[in-house]
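Here's a quick tour for anyone meeting this structure for the first time. Have a look at it, then read on.

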Amino acid sequence: MKWSIKAWPEGLRTSLPLVLPTAAIGLSFGLLAGPLLGAIPTIVMSAVVWSGTAQFGALTILTSGGGTALAAGTGLLANTRFLPMGFAIAPSMSGRPLRRLLTGALLADASFVIGHRDGGRFDISAIAWAAPPQYVGWVGGTIAGVSGATAIGEPTRWGIDVLFSVFYLSLLLPELFPERVRRGERQGSSHAGAASSGRRAWRPRNLRPIIVAVLAAAITLILTPIAPPGVPVLVAASAALIGLRTPKRPVTADADDDV
Amino acid sequence: MRTWLLIIVLAIGTVLMKTIGPVLAGGRQPPAALTRVIALVAPALISALIVAGTFTQGQHLVIDARAAGLLAGAILLWFRVPAVLAMLVAAIVCALLRLAV
């Protein structure tokens with residue numbers, strides 16, 4: 001029995017750096033929601049809803065004087081991005097419907113990002129294993145927040161919220177620029193096992209992921225001031241519909257001279 | 001009572017949205033065009049999450065310390081610095097800027 005972090009499931013290892021930032025945001029939620037909802041409901045909410053965007057969305061409505069129905073609607077709208085995420089991971093899943101339902105319930109933003117592989121495939125076990133650290137961080141952070149762990153102040157002051165953007169970017173870059181950032185090298189050695197054959201080879205340029213990423217970013221920026229929270233990200237997912245067009249040349253062909 | 005109702009609706013609704021795809025479309029190989037779309041859902045959503053998490057505050061577009069942190073992180077990632085280190089530097093840049101302003 002040699003104890004080694006390398007023997008841990010990949011999704012678990014990859015999501016470990018997120019425990020602290022997740023806990024910090026959970027702490028913010030506990031601090032803000034505790035006085036309004038009560039300690040126990042706030043903790044239960046984090047435990048059963050387990051979604052920062054939905055919970056902050058609902059909380060924003062309640063604190064600004066909105067009713068329960070509006071708060072619920074806003075919270076759910078903020079989570080509509082899970083619909084395209086669910087349909088995206090579905091083809092990579094196997095097993096009976098009940099098993100797929102339970103695995104699907106473990107889906108979260110970070111797990112989706114961690115589990116995504118080239119060509120639209122998803123590592124379902126990585127998605128599932130990415131869940132426990134985030135769940136523990138989220139609920140634990142909330143408990144700390146409602147218990148009045150105010151000593152460190154509002155944690156988002158300390159730049160913790162930018163951690164998620166950088167983490168997501170670290171998992172997006174290899175897809176946009178496969179020849180620039182090699183998957184096997186990001187996150188130190190944590191992906192060494194995943195860097196199998198072919199990853200190091202130069203691949204022909206596939207511009208579509210870059211176009212889609214830029215388009216999605218633009219949609220999010222344009223819609224943010226005019227649409228309710230959550231809607232911009234959902235609509236941004238529609239940038240993927242570019243894929244309906246048949247590629248002019250197969251992306252596996254020698255297309256390196258493109259642009 | 002209303003609080004508990006809100007919690008129940010949010011919990012069930014969130015699980016429903018996460019699981020409809022896996023339950024209805026799980027394990028089936030979609031047509032080629034749809035496969036190409038699915039391959040692009042991840043870059044679209046990840047990019048949108050980054051923009052929403054960095055350049056928005058509620059319904060306002062903002063450029064603040066987070067943008068500087070992300071830029072620092074992006075440069076490090078571009079030069080193949082491990083993600084954990086890039087995250088650390090980004091948070092430090094962001095926190096220092098917030099202290100200074």
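## Where the chains meet

Let's start with the contact between the two chains: chain A puts in 87 residues and chain B puts in 70 residues. On the side of chain A that touches chain B, the largest share comes from helix α10 (residues 162-176) of chain A, which gives 14 residues. Sorted by class, that side of chain A has 58 nonpolar, 20 polar and nine charged residues. Keep in mind that this is a predicted model.

Now for chain A on its own. What does the pattern of chain A look like, read along the sequence? It runs α-α-α-α-α-α-α-α-α-α-α-α, with twelve helices and zero strands in chain A. Of the 259 residues in chain A, 51% are buried. Take the contacts in chain A between residues at least 6 apart in sequence, and 67% of them join residues at least 24 apart.

Chain A also comes with a domain assignment, which gives domain 1 (11-168) and domain 2 (203-259). Where these two touch, nine residues of domain 1 of chain A are in contact with seven residues of domain 2 of chain A. On the domain 1 side, α4 (52-63) and α5 (68-78) of chain A each bring at least two residues, and α5(A) gives the most, with three residues.

| Domain 1 of chain A, touching domain 2 of chain A | three residues | five residues | one residue |

Terms used. Residues numbered from 1 in each chain as written. Chains lettered and ligands numbered in written order. Predicted model: local features only at pLDDT ≥ 70, side-chain atom pairs only at ≥ 80, totals over all residues. Helix = DSSP H or I, 4+ residues; strand = E, 2+ residues; numbered from the N terminus. Nonpolar A, V, L, I, M, F, W, Y, C, P; charged D, E, K, R; others polar. Domains from an automatic or database assignment. Buried ≥ 20, exposed ≤ 12 C-beta atoms within 10 Å, placed from the backbone.
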